[in-house]
Amino acid sequence: MIVEISQDLKFNVFATNPTKTLVSNLQSYTEKTGLPLGVSLGSCTILETAGDGALTTLQKVLESSVSNENNFGSKEVVWLHMGLNGGASNFAIERQAVNEATFSCPDELGWQPKRVPIVTEDGGITRIRETGCSIDAILEFLKKMKGYDAMISDDAGRFVCNYVYYHSLRFAEEKGHKSLFVHVPPFSRINEETQMKFMGSLLEAIALSC
């Protein structure tokens, strides 16, 4: 199994996004702790907090995993996306994304769509795409086995996180892979050390469940 990880850089009033630290340190962290059996990290990529203007970069990241699949000889690819929920105090596993872009503020490239489809070919803004990962099993592992304060969310918002997740879910379906988005709280609510350990446990959960 190859796990490809990306995250959004800045978010609104938060100059520092904790997922930048988590994703940047994940390679070195897993070198010390080890990866779950059968799991390889394909890449760890930091994305701009932008929608349409950053779509080319996102597509390159997703396409690169197809090449990694061939290089590693793996039959399973999971794209794991991380994002900040500034108002949260726990971890949220996102079940789905909606084909709607309604940005409450301009993204990093100045784009601020209102109630427009993310992918026009998919129809209207009510279209929903769901992850193929077994999120109930992932949640049970994280909560009962590891003791993390986590939940399943049915609303990834309508900002960049939802935008990225929708495109990723669509691409995953086309390629026969899987995609998952997880929101994390600021370090002021759950500290960096705990969140780093959560990332390791999340990889374990994905290996067992996806």
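Below are some numbered points to go with the view above.

1. Before anything else, please keep in mind that this is a predicted model. As an overview, the protein has five helices and eight strands. If you walk along the sequence, the order of these elements is β-α-β-α-β-β-β-β-α-β-α-β-α.

2. How much of the protein is buried? Of its 210 residues, 53% are buried. Contacts across the sequence are worth a glance too: counting contacts with a separation of 6 or more, 80% are between residues 24 or more positions apart.

3. Now to the aromatic rings. The whole structure contains nine aromatic pairs. One of them joins Phe 103 and Trp 111, and it is edge-to-face because the ring planes stand at 80°, with the ring centres 5.3 Å apart; the cut-off for that class is over 60 degrees. Phe 103 is buried, at a relative accessible area of 0%, whereas Trp 111 is partly exposed, at 28%.

4. A second pair to find is Tyr 165 with Phe 181, which is tilted, with 5.6 Å from centre to centre and 50° between the planes. Which elements does this pair link?

5. Ala 50 sits in the loop between strand E2 (40-47) and helix H2 (55-72). Is this residue buried or exposed? Ala 50 counts as buried because its relative accessibility is 4%, and the cut-off for buried is under 20%. Setting aside neighbours within four places in sequence, Ala 50 touches Asp 107, Leu 109 and Val 160.

6. Next comes a pair of helices. Two packed helices are described by the angle between their axes and the distance between the axes. For helix H3 (residues 135-145) and helix H5 (residues 192-209), the axes come within 9 Å and cross at roughly 140°. This crossing angle makes H3 oblique to H5, and the crossing is right-handed.

7. Which residues meet where H3 and H5 touch? From H3 come Ala 137, Ile 138, Phe 141 and Leu 142. From H5 come Phe 198, Ser 201, Leu 202, Glu 204, Ala 205, Ile 206, Leu 208 and Ser 209. By type, the contact is made of nine nonpolar residues, two polar and one charged.

8. Finally, a backbone detail. Most residues other than glycine have a negative phi. Arg 115 is not a glycine, yet its phi is positive, at about 50°. Where is Arg 115? Look in the loop between strand E5 (96-98) and strand E6 (128-130). Arg 115 is exposed because its relative accessible area is 57%, and the cut-off for exposed is over 50%.

How values were computed:
Residues are numbered from 1 along each chain as its sequence is written. This is a predicted model: local features need pLDDT of at least 70, side-chain atom pairs count only at pLDDT 80 or more; totals for chains, interfaces and linings use all residues. Side-chain values use heavy atoms; hydrogens and water are left out. Rings of Phe, Tyr and Trp (its six-membered ring) pair if their centres lie within 6.5 Å; planes under 30 degrees apart count as stacked, over 60 as edge-to-face and the rest as tilted. Buried means under 20% relative accessible area, exposed over 50%, partly exposed in between (1.4 Å probe, protein chains only). Axes are lines fitted to C-alpha atoms, for helices over the stretch in contact, and angles run from 0 to 180 degrees between N-to-C directions. Helices (H or I, at least four residues) and strands (E, at least two) are DSSP runs, numbered from the N terminus. Angles under 35 degrees count as roughly parallel, over 145 as roughly antiparallel, 65 to 115 as roughly perpendicular and the rest as oblique. A crossing is left-handed if the near helix is turned anticlockwise from the far one by less than a right angle, and right-handed if clockwise. Contact means heavy atoms within 4.5 Å. Ala, Val, Leu, Ile, Met, Phe, Trp, Tyr, Cys and Pro count as nonpolar, Asp, Glu, Lys and Arg as charged, and the others, Gly among them, as polar.
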